[in-house]
Amino acid sequence: AQVDCSQYPKGTTKDGIAWVACPRNYAPVCGTDDITYSNECGICLHNREHRAHVGKQHDGECEQKPIRIDCSRYHSMTKGDQVLVACPRIMKPVCGSDSSTYSNECEICAYNVEHQANISKKHDGPCEEETTPVSIDCSQYPTQVTEDGETLVSCPRILDPVCGTDGSTYANECEICAHNGERGTKVGKKHDGKCIEEVPPVSET
């Protein structure tokens, strides 16, 4: 979709440089060139500066497109009925499209050959932990609203620990509902089981 650039003041400097006065709000949009712009006006500025014709793909940041790796540059050999890729022992971590971190690009090639997989590279550097909170159906638990407007949730007394997105362990899913009802928070479920405590590294004094 084309962006309506007429709403933004624009002009040209004495040196002939085109400018657009863009607001500084962050409302990311994805351009048709697969680049994320901080707001729609950013596309207008880019088009005016580069005499380009970038449009808007969608609101929100662009999704990272997987990067194909040229595996032909790595030496492979056949051993029996197996093909093995000889990878250099260098630590240059990359994140695969399966959200696993590989010690270098070649390790993805090796994995693909050994498992007949088709994993590509998401980005350089280790994968960030992408934890999508699991939504909890709180409507299954009986609730009552007090005169003060607090929501009280009656929870079963079972111990089935879950980890909340706030990093706290709750006795069961319902306890998260109760916590949100009492405090008006929006804690979700990170995963089943207790939260793994981040242990700070011990500094040797």
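This is a short tour of a predicted model, stop by stop, with something to select at each one.

**Stop 1: the annotated domains**

Start by colouring residues 1–64, 65–129 and 132–197, where UniProt, in an unreviewed entry, places the feature "domain: Kazal-like".

**Stop 2: a salt-bridge network**

Next, select Arg-73 and Glu-105 and show their side chains. They form a salt bridge, with the closest N and O atoms 2.7 Å apart. Arg-73 sits in the loop between β5 (56–59) and β6 (76–79), while Glu-105 belongs to helix α2 (residues 105–115), so this pair ties together parts that are 32 residues apart in sequence. Are the two partners buried or exposed? Arg-73 counts as exposed, at 53% relative accessibility, whereas Glu-105 counts as buried, at 17%.

Lys-121 is in strand β10 (residues 121–124) and Glu-105 in helix α2, so to speak a link between distant parts of the chain, 16 residues apart. With a relative accessibility of 7%, Lys-121 counts as buried.

**Stop 3: helix α3**

Move on to helix α3 (residues 173–183). Select Glu-173 and Lys-189, which form a salt bridge with their closest N and O atoms 2.7 Å apart. Which elements does this pair link? Glu-173 is in helix α3 and Lys-189 in strand β15 (residues 189–192), 16 residues away. Glu-173 is partly exposed, at 24% relative accessibility, but Lys-189 is buried, at 7%. In total, the model has seven salt bridges.

While you are at this helix, click on Ala-178, which also lies in α3. Ala-178 is buried, with a relative accessible area of 7%.

**Stop 4: a negative patch**

Finally, show the surface and select Glu-147, Asp-148, Glu-150 and Glu-182. Together they form a negative surface patch. Zoom in on Glu-150, found in the loop between β11 (143–145) and β12 (151–153). At 35% relative accessibility, Glu-150 counts as partly exposed.

Definitions and conventions
Residues are numbered from 1 along each chain as its sequence is written. This is a predicted model: local features need pLDDT of at least 70, side-chain atom pairs count only at pLDDT 80 or more; totals for chains, interfaces and linings use all residues. Side-chain values use heavy atoms; hydrogens and water are left out. UniProt positions are given in the numbering used here, feature names are shortened, and annotations may be inferred rather than shown by experiment. Patches are made of residues with over 30% relative accessible area and no salt bridge: like charges are joined within 9 Å, nonpolar side chains (Val, Leu, Ile, Met, Phe, Trp, Tyr) within 5 Å. Accessible areas come from the Shrake-Rupley method with a 1.4 Å probe; for residues, only the protein chains shown count as cover. A salt bridge is a side-chain nitrogen of Lys or Arg within 4 Å of a carboxyl oxygen of Asp or Glu. Lys and Arg count as positive and Asp and Glu as negative; His and the chain ends are not counted. The place of a charge is taken as NZ of Lys, CZ of Arg, CG of Asp or CD of Glu. Helices (H or I, at least four residues) and strands (E, at least two) are DSSP runs, numbered from the N terminus. Buried means under 20% relative accessible area, exposed over 50%, partly exposed in between (1.4 Å probe, protein chains only).
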